[in-house]
Amino acid sequence: MWKKIALYSVALIVLSAALLWTFRFDVLVTLASKKSKKPVAENQEINWQKGPEQKDSTKTDLPNIVLILADDMGINDVSTFGGGMIETPNIDKLAAKGALFTNGYSGHANCAPSRAALLTGRDATRTGYDTTPIPDGMSRIIAAIENNEDNGRPEMSYSAEADATNPTYDNRGLPGSEILIPEILKESGYHTMHIGKWHLGRSPEMMPNAQGFDESLMMDSGLYLPVDHPESVNAPVESSGLDRFIWATMRYSVNWNGGEIFKPNGYLTDYFTEEAEKAIEANANRPFFLYLAHWGPHNPVQAKRADYEAVGDIQPHNKRVYAAMLRSIDRSVERVMAKLEKQGIADNTIVILSSDNGGADYVAINDLNKPYRGWKNTFFEGGIRVPFSVTWPNVIDESTVIEEPVNHIDLMPTIINMANADLPQDREIDGVDIAPLWQGQPELERPQNAMFWFTGDYRVVQSKGWKLQQNPKSGQTFLHNLNVDPTEQKNLADSESAKLAELTKLIDAHFANSVDVIGESTIAAPITIDKHLGERMTEGDTYVIWNN
């Protein structure tokens with residue numbers, strides 16, 4: 001009898017161990033999910049501070065400034081740039097009213113460093129903010145899942161040491177010593193408001209209210225709707241460890257001025273838009289700066305059912321859901337512009353639209369950044385070439401098209417100058433004012449006549465149309481002449497030795513005095529340039545190693 005019990009017990013233990021091993025990644029994600037769950041209060045009404053009942057005649061020369069930033073929206077997602085997934089008529093209309101930049105670049109190829117570059121006007125060599133902080137424990141789980149996938153890719157490396165010694169997620173952000181756009185504008189008489197994504201730290205000195213924003217409605221987690229909401233259409237990507245982690249751990253939540261977290265009211269993109277309308281109305285009689293930082297179309301790929309139905313029979317399913325997300329972003333632009341018109345302040349409002357980086361490979365959609373190669377998390381053109389427009393009625397002529405390359409780091413000095421404010425004199429600002437371009441100047445003068453990007457030892461320079469990428473972890477160097485090869489088809493690293501040496505010298509000089517990074521890379525991931533994460537890598541496919 002006891003022998004049978006012992007045998008059954010051993011068999012049960014073996015079976016349990018086998019099941020645990022088989023479903024070990026699901027267990028990891030489930031544990032992470034339970035750890036991340038926090039109580040979320042019911043929706044709270046936001047009462048935006050009201051400006052004066054009448055305009056202050058001493059400040060009528062100050063333009064309002066609305067900065068709309070999408071997340072992971074590549075240049076091919078917008079029809080005015082040639083995108084073909086769906087039409088984006090309202091984004092197109094906005095761009096046609098002012099200056100459309102056909103060679104607009106993000107400050108980085110990843111979320112947080114791009115936002116840091118945009119808001120400070122400084123690249124990561126100055127701020128040390130070269131990688132995107134991700135929730136504690138996430139790197140280890142993603143690496144474990146990705147390395148178990150039979151996708152033909154080199155193994156993703158994970159550094160437990162860096163993970164253990166880095167600042168925690170909440171404390172890994174832009175230090176309070178950095179000076180951001182809203183801080184300067186606030187001192188110059190602007191009311192400053194933030195709505196949406198932040199991703200620049202959550203410690204007291206790093207939160208939006210500490211970095212110059214009078215009011216902040218901040219995205220707390222990452223769901224657009226509860227997963228089981230009847231109006232939610234979901235498209236998870238099983239081949240992506242990041243996507244699986246996000247679906248399992250993200251909440252449907254926001255917070256107001258750093259207070260308790262609570263549920264939004266409706267589909268997240270629409271909710272942020274509705275609050276932007278309220279914020280504009282409350283402040284129509286005083287100069288304001290509104291930073292509307294949408295989460296869309298970043299994963300999780302999750303749309304409102306009405307948008308899913310409206311975009312038509314796009315195949316496959318995840319592409320249709322993604323297209324529906326783009327529709328909600330385009331509608332947001334329409335509603336913001338309509339509110340400015342209704343309040344009678346459209347003619348005195350500068351509207352800037354861009355995206356933090358290109359489209360991502362982990363949403364598993366073919367040709368997402370076509371015709372450009374690469375994705376978010378690469379410095380190929382698909383990762384850093386983004387929608388970019390500036391509209392300023394009666395100042396910028398309608399239908400202005402500018403081909404000169406511009407960068408997110410240029411927005412800080414441009415906005416400050418447009419607001420008749422002063423740039424800080426105690427630090428280097430890498431960006432340059434781009435206003436001369438819509439005033440007829442053919443090109444800009446930059447330090448070293450170049451733009452730079454980096455994460456870890458992956459370093460890039462672009463100068464006068466020539467672009468050099470150094471990616472030591474993959475053992476590769478890429479040299480392209482964008483003047484004749486804008487889609488980076490022909491690598492000239494072996495045939496243009498003089499140009500290679502010239503650009504290498506620029507990189508060495510620029511990075512010689514870099515400050516220490518805020519956090520070390522915890523994972524080094526292989527990213528195939530021409531295939532998304534749902535496609536198998538085969539011999540001969542081009543890839544880079546991305547540090548994060």
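## Close-up views of a predicted model

**View 1. Strand β4 meets strand β20.** β4 and strand β20 (residues 523-528) are antiparallel partners joined over 2 bridges; helices (H or I, at least four residues) and strands (E, at least two) are DSSP runs, numbered from the N terminus, and two strands pair if DSSP finds at least two bridges between them. Across this pairing, Tyr158 sits opposite Ile523 of β20. The open sheet here has 3 strands in the order β4-β20-β21, with antiparallel pairing. Its edge strands, β4 (157-158) and β21 (543-547), each pair on one side only.

A word on the model before moving on: it is predicted, so local features need pLDDT of at least 70 and side-chain atom pairs count only at pLDDT 80 or more, while totals for chains, interfaces and linings use all residues. Residues are numbered from 1 along each chain as its sequence is written, and side-chain values use heavy atoms, with hydrogens and water left out.

View 2. Buried here means under 20% relative accessible area, against over 50% for exposed and partly exposed in between (1.4 Å probe, protein chains only). Side chains in a regular strand alternate between the two faces of the sheet. In β10 both faces are covered, with Phe288, Leu290 and Leu292 buried on one side and Phe289, Tyr291 and Ala293 buried on the other. Strand β1 (residues 64-70) pairs with β10 in the parallel sense over 5 bridges, and Ile65 stands opposite Phe289. Strand β5 (residues 191-196) also runs parallel to β10, joined by 6 bridges; there, Met193 has Leu290 as its bridge partner.

**View 3. Gly212 in its loop.** Look for Gly212 in the loop between β5 and β6 (215-219). Gly212 is buried, at a relative accessible area of 7%. Beyond its neighbours within four places in sequence, Gly212 is in contact (heavy atoms within 4.5 Å) with Pro182, Glu183, Lys186 and Thr192.

**View 4. The largest nonpolar core.** A nonpolar core is a set of buried Ala, Val, Leu, Ile, Met, Phe, Trp, Tyr and Cys residues joined through side-chain atoms within 4.5 Å. Among the 92 residues of the largest one, Leu217, Phe272 and Leu340 touch the most other members. Helix α12 (residues 317-342) supplies the largest share of this core, 11 residues. Not counting residues up to four places away in sequence, Leu340 touches Ile280, Phe288, Ile345, Ala346, Thr349 and Val351.

View 5. The axes of helix α10 (residues 268-282) and α12 come within 10 Å and cross at roughly 10 degrees; axes are lines fitted to C-alpha atoms, for helices over the stretch in contact, and angles run from 0 to 180 degrees between N-to-C directions. These two helices are therefore roughly parallel (under 35 degrees; over 145 is roughly antiparallel, 65 to 115 roughly perpendicular and the rest oblique). Helix α3 (residues 89-96) packs against α12 at an angle of about 50 degrees, with the axes 7 Å apart, and this pair is therefore oblique. Pro89, Asn90, Ile91 and Leu94 of α3 make the contact with Ile329, Asp330, Val333, Glu334 and Met337 of α12.
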